[in-house]
Amino acid sequence: MTDAQTNKMTDRLPIELAGTTLQLLGGRGVWMPAAKTLLVADTHLGKEATFRRHHIPIPTGSTTGTLAAVTKMLQETDATRFIILGDMFHARSSLSPDVCESLEAFFNRHPSVEMLLVRGNHDAHLGQLPAAWPIDIVSQYAMDRILLMHHPIEVPSDFDLLLCGHLHPAIRLETMIDKTGKLPCFWYSQKRLVLPAIGEFTGTHRIHPGPRDRAWMVVDGQVMEHANTRRQRFTRRV
Amino acid sequence: MLKSPQPSTPNQSVERFFDTIGFRPFRFQRSVWRAYRDGQSGLVHSATGTGKTLAAWMGPLLSFLEKNRDPTKWNPKRPPPLRILWITPLRALAGDTEQSLRAPIDALGLPWRLESRTGDSKASLKARQRKRLPTALITTPESLSLMLTHQNMLDQFANLEGVIVDEWHELLGTKRGVQIELALARLRRLSPHLRTWGLSATLGNLQQAQDTLLGAQACPESSRIIEGSKDKRLKIESVIPNKIDRFPWSGHIGTKMVPQVAELLEQSASTLVFANTRSQTEIWYQHLLKHRRDWAGQIAVHHGSLDASVRRWVEDGLRAGSLRAVVCTSSLDLGVDFTAVDLVVQVGSPKGAARLLQRAGRSGHQPGVASRLVFVPTNAIELVELAAAQDAIRQRKLEAREPIHKPLDVLAQHLVTIAIGGGFESAELLAEVRSTEAYQSLTDAEWEWVIDFVCRGGSSLQAYPEFSRVETINGRYTVTQRRVTRQHRMNIGTIVSDASMKVKYMKGATLGTAEENFISRLSPGEKFLFAGRLVEMVRVKDNAAYVRRATGQPDTVPRWMGGRMPLSSELSDALRGKLEEAAGGQLVGREMKALSGLMKIQQRWSKLPRRDELLIERIKVRGGYQLFVFPFEGRLVHEGLSALMAYRMSQYQKVTFSMACNDYGLVLQSPSIIEIDAAIEQGVFSTDELTGDILSSMNATEMAKRQFRQIARVAGLIQQGFPGQQKKSSHLQASSNLLFDVFNQYDPDNLLLDQSRREVLQHQLEASRMFDALERIGRSQIVITDPPKVTPLAFPLLVDKLRARVSSETLADRVARMQRDLEKAAGES
């Protein structure tokens with residue numbers, strides 16, 4: 001067994017896609033060391049507030065929980081830039097006073113981090129965010145030959161890699177005698193890397209990686225490549 | 001047609017009506033009328049087809065006749081205001097019920113107006129009824145609750161004289177039953193002299209069934225339990241396969257027996273073939289049709305997922321006697337009299353003696369005619385079950401239906417209902433709620449919590465900013481926001497429907513609904529059986545699956561989720577008795593004699609357990625070790641036991657167990673050897689610290705999480721979509737699993753979480769039955785065998801896929817192990 005074939009779990013897994021080194025983080029983010037940039041997708045902040053506004057009693061807490069997970073990754077990576085790949089807020093009614101308060105505390109904690117939101121479908125009807133918030137909104141963002149978007153579109157020819165969200169991907173691990181629940185995952189397929197949703201109060205969507213795809217599961221804050229997609233890769237190479 | 005009736009006493013009029021339909025009133029029917037006249041309430045129980053409907057219905061009619069003796073004063077243009085509510089569990093039954101209730105009204109020329117109000121009723125009719133209800137109204141539990149949200153209807157209930165709850169046994173022991181209890185408490189407040197009558201099949205706990213219906217404050221002197229006519233003759237026989245294989249036969253569906261069943265259908269006029277699952281009805285229908293192609297158009301399939309129009313066509317055919325046979329599920333268990341049906345075929349275990357009795361009663365559905373049931377086993381052991389069921393029926397050991405104890409989700413929904421329908425004061429409504437059997441012992445703290453839940457979202461210590469549903473204005477709880485009212489009315493009820501999709505032809509006709517889960521796994525071109533036809537998937541669009549007719553072989557049959565009934569404890573006990581007889585070499589009856597070969601193999605390879613023995617079989621298989629345990633206590637108890645055993649054993653070794661259960665026993669499988677002797681020594685079957693260990697094992701298997709689904713829906717945390725309807729508010733969708741996790745983390749004291757644990761304990765695991773089972777095991781001798789092959793008793797357990805899991809490994813360790821297995825498997829291939 002070669003070195004490349006040992007498949008250990010780690011909270012920071014370096015991979016190379018389209019000539020770029022990325023690190024997949026156990027906190028469900030992607031760290032781009034060269035650009036000192038941290039990426040996450042689908043935070044759905046304030047989703048519980050939206051439910052409450054619509055008379056469905058969901059307790060507070062998941063928004064601060066999600067932000068705490070981001071803070072932890074920002075601190076561990078010492079990132080200078082933070083990008084959300086869409087669906088930062090769940091709905092317009094998500095911007096409740098308690099959610100805004102948590103978010104402002106988050107901004108204040110990271111004064112030197114540049115923040116960017118690549119707009120997602122849930123952000124479409126947000127209207128103007130408070131001017132004082134240190135965050136820019138764009139519909140897409142290019143970093144050399146890497147494109148950042150919310151939706152997993154077909155990758156335009158002038159790009160080598162698309163980083164996106166929207167799908168909330170998850171897989172199930174199944175052997176002859178055991179089967180797990182849905183595990184959130186990073187999914188690489190047709191030059192697209194789909195990030196798992198980081199929001200605590202978000203669901204997942206089960207995906208079935210194709211023969212040429214790769215998938216990395218997030219389990220208890222650790223990242224690990226799915227054995228089947230690894231196997232396919234190695235057998236193809238041999 | 002209204003003829004002016006000649007003056008006669010009310011009783012004479014009724015006698016004349018019975019003359020016209022060719023019967024004489026039964027003694028029990030007269031008893032019910034008398035009791036009703038005397039202002040009493042009660043319960044009428046008997047098999048179906050013995051005249052319960054008329055027993056309950058003539059009382060109110062007689063009461064009117066007595067108070068309005070002069071027919072010249074009757075004016076059909078001015079029907080009397082609402083007097084009677086008739087509650088039916090299925091809205092599909094409303095039409096038939098209306099017909100049979102109308103017959104005597106017309107025959108007596110009463111000036112009554114009789115109408116239905118269900119989810120199917122036209123909006124114009126409902127609007128008219130809001131202003132003025134008919135003299136007698138047929139409705140469902142959900143529609144009744146909905147009426148309570150309309151303040152202007154409440155005044156009309158003040159004149160209500162009687163409520164009749166049909167098929168009460170179907171509602172008892174369900175949250176719909178509790179919903180009725182609460183609605184009845186409300187009606188009794190609006191009309192204090194209300195008489196309540198329930199119609200029920202015979203149950204093991206009739207007194208409790210009556211108490212639950214009549215409420216905690218009913219006085220025993222004014223209530224009666226009346227038994228319907230007893231002279232229903234019953235013939236039960238079974239189809240025994242010509243050759244019983246060494247193993248309980250494969251396929252598990254018993255379709256081998258199709259030729260024999262076809263022969264039976266040939267010999268009878270009209271037959272209901274009951275199967276236990278919707279998938280089985282589809283399979284049986286296809287096999288029957290393949291066997292007798294000339295029966296196309298003469299046989300049909302009927303189950304709850306078919307489109308209403310399809311079902312109606314089948315029911316009409318049955319009523320007219322034009323169908324030779326219908327393969328159905330419990331969807332045809334209730335109501336509707338199909339007088340032409342002269343034979344019932346039961347495929348697979350009916351799971352309880354009472355149920356078997358009731359199904360048999362679907363044939364010979366006329367007073368005085370014998371009921372005939374033929375049992376078709378789907379595996380050999382089921383023959384033992386049937387033998388046991390016959391014993392139980394002979395000894396009248398029928399099952400009880402346990403009522404549900406203070407579910408807070410239903411109460412929360414009811415509070416919003418009452419708050420919309422005019423509002424309430426806390427103390428007053430609490431007294432009313434406590435007058436029900438279900439909430440008799442509701443504590444002040446629980447009441448406060450539910451009030452907090454509907455007003456503030458959760459306990460006042462917990463933050464639910466910007467939430468509102470019910471508000472207080474001058475100490476009165478009410479709803480002022482129209483959106484809350486609309487949302488609540490759309491979601492009233494306690495039935496949880498699975499996320500489902502319509503199945504349609506390309507041209508637009510709807511066949512029925514299938515679970516989203518099933519549809520999403522189909523690719524275009526795949527063929528499956530649906531509504532008795534072979535169809536091919538074309539595409540999924542707008543929340544509907546479009547299909548076209550196909551030929552050839554099906555690739556799959558839809559699987560609908562849905563509760564499978566466990567074997568009742570009465571039947572479990574009888575089953576253990578039968579096996580003990582067999583162990584002693586005593587094979588009584590055709591069924592048991594047919595099994596002698598199988599019993600011998602079981603004896604030779606392992607053992608036939610006596611009543612005072614617990615049999616455990618150990619087998620090594622590819623990929624792990626299997627442990628079969630046979631308590632014969634019913635599936636639910638086995639589910640709890642397997643989780644408990646797995647949890648306790650995983651405490652002394654890091655391991656993951658997969659489990660499966662059926663009504664006879666359970667199987668545990670693990671990648672490493674299971675040290676059962678040591679485990680027994682360490683108290684794997686002990687009753688010490690049982691509740692704590694059950695709770696822990698429950699968390700391990702996420703049972704409480706699954707149970708939370710219904711609670712979340714009833715308490716209004718999940719907005720129920722209707723099948724086929726586009727989800728309008730997609731931003732308000734969250735799975736109950738996700739909700740459970742969020743509550744667990746951020747409001748762990750939420751009483752709804754507590755309720756889901758309690759429901760798992762009481763209903764899912766039947767903890768008290770489990771305790772009894774462990775006590776019994778404690779007194780039993782444990783026999784461990786190492787059979788050379790999978791034994792006849794163990795075989796049916798292998799057919800069910802291993803599902804539940806208990807693990808003491810961390811998820812990360814477990815995933816790492818599974819990854820190694822996958823890589824190893826890849827290396828081998």
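**Close-up views of a predicted two-chain model**

**View 1. Helix α18 of chain B, residues 444-456.** At 1.5 Å a residue, the 13 residues of α18(B) should span 18 Å, and the end C-alpha atoms lie 17 Å apart, which agrees. The model is predicted. Buried positions in α18(B) are B:Trp447, B:Trp449, B:Val450, B:Ile451, B:Phe453, B:Val454 and B:Cys455. Just after α18(B) comes B:Gly457, with a positive phi of about 105 degrees.

**View 2. The open sheet of chain B.** Seven strands line up as β3-β4-β2-β5-β6-β1-β7 (chain B). Their pairing is parallel. At the edges stand β3 (114-117) and β7 (223-227) of chain B. Each has a single partner strand, so one side of each is left without a neighbour in the sheet. Ignoring direction, neighbouring strands are turned by 15 degrees against each other on average.

**View 3. Strand β1 of chain B beside β7(B).** Strand β1(B) covers residues 41-45. Five bridges join β1(B) to β7(B), and the two run parallel. One bridge pairs B:Val44 with B:Ile226 of β7(B).

**View 4. Helix α4 of chain B on the sheet.** This helix holds residues 94-108 and packs on the sheet. It touches β2 (84-87), β3 and β4 (136-139) of chain B. The direction of α4(B) makes about 165 degrees with that of β3(B).

**View 5. The largest nonpolar core.** This core has 229 residues. Most contacts inside it belong to B:Val273, B:Val326 and B:Val450. B:Val450 is also one of the buried residues of α18(B). Leaving aside neighbours within four places in sequence, B:Val326 is in contact with B:Leu272, B:Val273, B:Ile299, B:Ala300, B:His302, B:Val314 and B:Leu318. Another core, of 61 residues, lies apart from the largest one. Among its members are A:Leu22, A:Ala79, A:Leu162 and A:Trp216. Nonpolar side chains tend to be buried together in soluble globular proteins.

**View 6. The contact between chains A and B.** Chain A gives 36 residues to the contact, and chain B gives 43 residues. On the chain A side, the elements that give two or more residues are α1 (47-53), β15 (214-219), β16 (222-225) and α4 (227-237) of chain A. The largest share, five residues, comes from α1(A). By type, the residues on the side of chain A that touches chain B divide into 16 nonpolar, 14 polar and six charged.

How values were computed
Residues numbered from 1 in each chain as written. Chains lettered and ligands numbered in written order. Predicted model: local features only at pLDDT ≥ 70, side-chain atom pairs only at ≥ 80, totals over all residues. Contact = placed C-beta atoms within 7 Å. Helix = DSSP H or I, 4+ residues; strand = E, 2+ residues; numbered from the N terminus. Nonpolar A, V, L, I, M, F, W, Y, C, P; charged D, E, K, R; others polar. Expected span 1.5 Å × (residues − 1). Buried ≥ 20, exposed ≤ 12 C-beta atoms within 10 Å, placed from the backbone. Pairing = 2+ DSSP bridges. Axes fitted to C-alpha atoms, helices over the stretch in contact; angles between N-to-C directions. Core = buried A, V, L, I, M, F, W, Y, C linked by C-beta atoms within 7 Å.
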